[in-house]
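Have the sequence and the model open side by side.

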Amino acid sequence: MKKVKVRLRPIVSKINLPTVLKTALLPGDSIERLFIATQIGEIFYIGNGAVRTFLDIRPRIIKLGDPGGGYDERGLLGLAFHPQFYYNGLFYLHYSVAGTQGLGALPEPFNPNPCDPKTLNLRWINRETQYDHIDTVEEWIVQSNSQPQKQRTLLNLRRPFFNHNGVNSLNFSPETGKLVLTTGDGGSGYDPFNLSQDDLEIAGKIIEIDVAKNTFIDNPPVVTRFNELPVPIQETLTVLAKGVRNIPGISFQRFYNQYIKYVGQVGQDLVESIYSFLSYKPIPVTLLVQASLSNTEADQEGFINFGWRGWEGAFPTPTIKGCTSNPNLDEKAIAYYDEAIETSVKRIQPLTSYFHKDQRPDKFGGTALTGVQAFMGTGIPDLTGSVVFTDLARKKESQTAARGVLAYTKVRTDDKLNDFSVIETDYNFGSESAYYVNLGTNLDQTRLYLGVYSSMKVTDFNQGTIFEIVP
């Protein structure tokens, strides 16, 4: 693929860790503004060259930062503006709720052992006491020259672990007009309870929420499974996909009178993957619940399944047995052999993948996928029509300071796996680390924005810079 060079133009610096970058037209305004949501609970926008506060919900956010180091995957994770935001002022938030810290679903880190069935068939029990925190999805409203106000709560979700909650997790579908929630498998590693493949588990799914339906339920119950929801809420939900490990949002690219959907799947230890699909058949949650009650399976023809936990991208999920005498001889075993077989023909193949270890000179060893965005602008002609993605930090042992990676790929007309190419940048970060934590775009996808943080500790404040990616 063609090598592309770009510049990074700083827009704003010394902000907290950004989780969402997107633009919107405020009610009564005439200019499309860039909005920046931070993990600790602030939402800013750029207005007339200045950074202005749109909303500050820091008191509503769970206390972030593990006492052992400050890394966290909770906080303010999703921000989406209603397609009619300019007229109705509605926007939506996904965040981890203050005061909901629990003990976690397991007392110690999880690692599957293919020789020990106990580790392959764990169940999440005592969910009301053994969980990490509660996430909420809310509807808010802003009107001209007034403070935003919360309108209603759409979902309250109990999460088993602190990680894999999604990021940039709320986006509106231009096809259906519904709010799309991309949530991870609940965390730990290797999906200990296989939540992502269970049709009734909310974890590990992509969910469409019909926000036009008002359920008139002011405070929905805290749940983990679809059948625990009141019927009026079930009727607002459809499931677009399952088999999700963790997702940095969903991106839509117009293709004639349809839309290509792009989804990035964060990997375990082997590979990061980007998927694309055009057509899909979502399943109403009411049908999933009815099928469960009748001990049948809902028709899943055309339903999207990314294959996790049996598959990590295009590979059966491996575990690694260390060879202490020679790490180059580390053995890899299939973690969930039976599940890999079960989902082998049900899952969709990635559009492209990149590896945690890759010695090829024009590639890179990745860490974690942090953003996927379609780009339709003409300012960088070689990227027009591409899907651009970011990795947190390139694995390079000789490098003292971390450096994120920009790359791109394109959809093939034959639906086969495509290659990718690294996008070269000219920005000098000096001796500071530069973790690429987020990728965003504007309404017509003609501009790209990159969030960079110099630390992976959410407790290290004001280490962020937002760039525009320019020719």
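What follows is a short tour of a predicted model.

Start with the sheet. Five strands build it, in the order S6-S7-S8-S9-S13. The sheet is open, and its pairing is mixed. Strand S6 covers residues 76-81 and strand S13 covers 222-223. These two stand at the edges. Each has a single partner strand, so one side of each is left without a neighbour in the sheet.

Now look inside the sheet. Strand S7 spans residues 90-96, and strand S8 spans residues 133-141. They run antiparallel, and seven bridges join them.

Next come the open spaces. The largest pocket has a volume of about 790 Å³. Its lining counts 32 residues. Closest to the centre of this pocket are Phe81, Phe172, Pro174, Asn442 and Leu443. Several elements each supply at least two residues of the lining. Among them are the edge strand S6 and helix H1 (85-88). By class, the lining of the largest pocket holds 16 nonpolar, 13 polar and three charged residues.

The second largest pocket has a volume of about 610 Å³. It is lined by 28 residues, and Tyr71, Glu73, Asn246, Thr370 and Met456 are the closest to its centre. S2 turns up again here. Both S2 and strand S25 (369-375) supply at least two residues of this lining. The classes come to 15 nonpolar, ten polar and three charged.

Rolling a probe the size of a water molecule over the atoms shows where empty space is left. How many cavities of 30 Å³ or more are there? The count comes to four.

The largest cavity holds about 100 Å³ of space. Its lining has 14 residues. Nearest its centre lie Arg152, Thr153, Leu154, Thr215 and Thr236. Which strand gives the most to this lining? Strand S9 (residues 149-159) does, with four residues. The lining of the largest cavity divides into eight nonpolar, three polar and three charged residues.

About 60 Å³ of space lies in the second largest cavity. S9 again gives the most to the lining, this time with three residues. The residues that line this cavity include Leu157, Arg158 and Arg159, along with Trp124 and Leu195. Glu201, Ile202, Ala203, Val223 and Thr224 line it as well. Six of the lining residues are nonpolar, one is polar and three are charged.

Finish with one residue. Is Asn171 buried or exposed? Its relative accessibility is 11%, so Asn171 counts as buried, the cut-off being under 20%. The side chain of Asn171 makes a polar contact with the side chain of Lys22, at 3.0 Å. Leaving out residues up to four places away in sequence, Asn171 touches Lys22, Ala80, Lys178, Leu179, Val180, Gly249 and Ile250. Some of these contacts lead back to elements already visited.

Conventions:
Residues numbered from 1 in each chain as written. Predicted model: local features only at pLDDT ≥ 70, side-chain atom pairs only at ≥ 80, totals over all residues. Heavy atoms only, no water. Pairing = 2+ DSSP bridges. 1 Å grid on protein atoms, 1.4 Å probe; cavity = no way out; pocket = protein on both sides within 12 Å on 5 of 7 lines; lining within 4 Å. Points joined across faces, edges and corners; volume = space filled by probe spheres on them. Nonpolar A, V, L, I, M, F, W, Y, C, P; charged D, E, K, R; others polar. Buried < 20%, exposed > 50% of the residue type's maximum accessible area, 1.4 Å probe, protein only. Polar contact = N/O pair within 3.5 Å; in protein donor to acceptor, adjacent residues only side chain to side chain. Contact = heavy atoms within 4.5 Å.
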